[in-house]
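Thank you all for making the time this morning.

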Amino acid sequence: KETWASLGSMKDDNTLAEMLKDAPGPINFTMFLTVMGDKLADTDSEDVLNSAFLTLDETHCGLISKECLSSALKQLGDRFTDDEIAQMYEVAPMKDKDVDWKRFVKLIKYGGDFEEEN
């Protein structure tokens with residue numbers, strides 16, 4: 001619970017209990033990283049994510065406006081709440097007021113931010 005809190009995310013006891021079921025042993029920081037790495041590996045492929053974001057990038061410049069992305073997240077697929085969208089924008093790589101979706105895909109897939117591509 002403290003690890004999540006230190007990352008700025010509060011999880012309820014039921015959510016934590018479900019996460020603990022996935023761990024093959026006692027939870028320490030190394031096990032936490034292992035479990036989270038496994039979760040990241042279960043995301044869509046990079047090609048699928050790129051294709052999804054590219055459909056929203058009308059000018060093919062690598063950027064999507066917050067308005068466009070928020071609208072899509074509220075209307076398509078697993079619909080996001082306003083709180084979930086706000087949390088996403090706290091970590092999403094931004095360029096001015098737009099999401100740098102190519103860097104965002106790398107963040108989703110590999111768990112770290114990457115320098116802006118030229």
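When I say contact, I mean heavy atoms within 4.5 Å. On that basis, among contacts in the protein chain between residues at least 6 apart in sequence, 44% join residues at least 24 apart. Please keep in mind that this is a predicted model, in which local features need pLDDT of at least 70 and side-chain atom pairs count only at pLDDT 80 or more, while totals for chains, interfaces and linings use all residues. Residues are numbered from 1 along each chain as its sequence is written, and side-chain values use heavy atoms, with hydrogens and water left out.

The protein chain has seven helices and three strands, where helices (H or I, at least four residues) and strands (E, at least two) are DSSP runs numbered from the N terminus. Read from the N terminus, the order is α-α-α-α-β-α-α-β-β-α. Of the 118 residues, 24% are buried, that is, under 20% relative accessible area, with exposed meaning over 50% and partly exposed in between, for a 1.4 Å probe and protein chains only.

The axes of α5 (residues 66–75) and α6 (residues 82–91) come within 10 Å and cross at roughly 140°; axes here are lines fitted to C-alpha atoms, for helices over the stretch in contact, and angles run from 0 to 180 degrees between N-to-C directions. That angle makes α5 oblique to α6, because angles under 35 degrees count as roughly parallel, over 145 as roughly antiparallel, 65 to 115 as roughly perpendicular and the rest as oblique. Lys66, Leu69, Ser70, Leu73 and Lys74 of α5 meet Asp82, Ile85, Met88 and Tyr89 of α6.

Which residues does Ser70 touch, leaving aside those up to four places away in sequence? They are Ile85 and Tyr89, and the side chains of Ser70 and Tyr89 are joined by a polar contact of 2.9 Å, meaning a pair of N or O atoms within 3.5 Å, of which, within protein, one must be able to donate a hydrogen and the other to accept it, and residues adjacent in sequence count only if both atoms are side-chain atoms. Ser70 counts as buried because its relative accessibility is 14%.

The second pair is α4 (residues 46–56) and α7, which pack at about 145° with axes 10 Å apart. Buried residues of α7 (residues 101–110) include Trp101, Phe104 and Val105.
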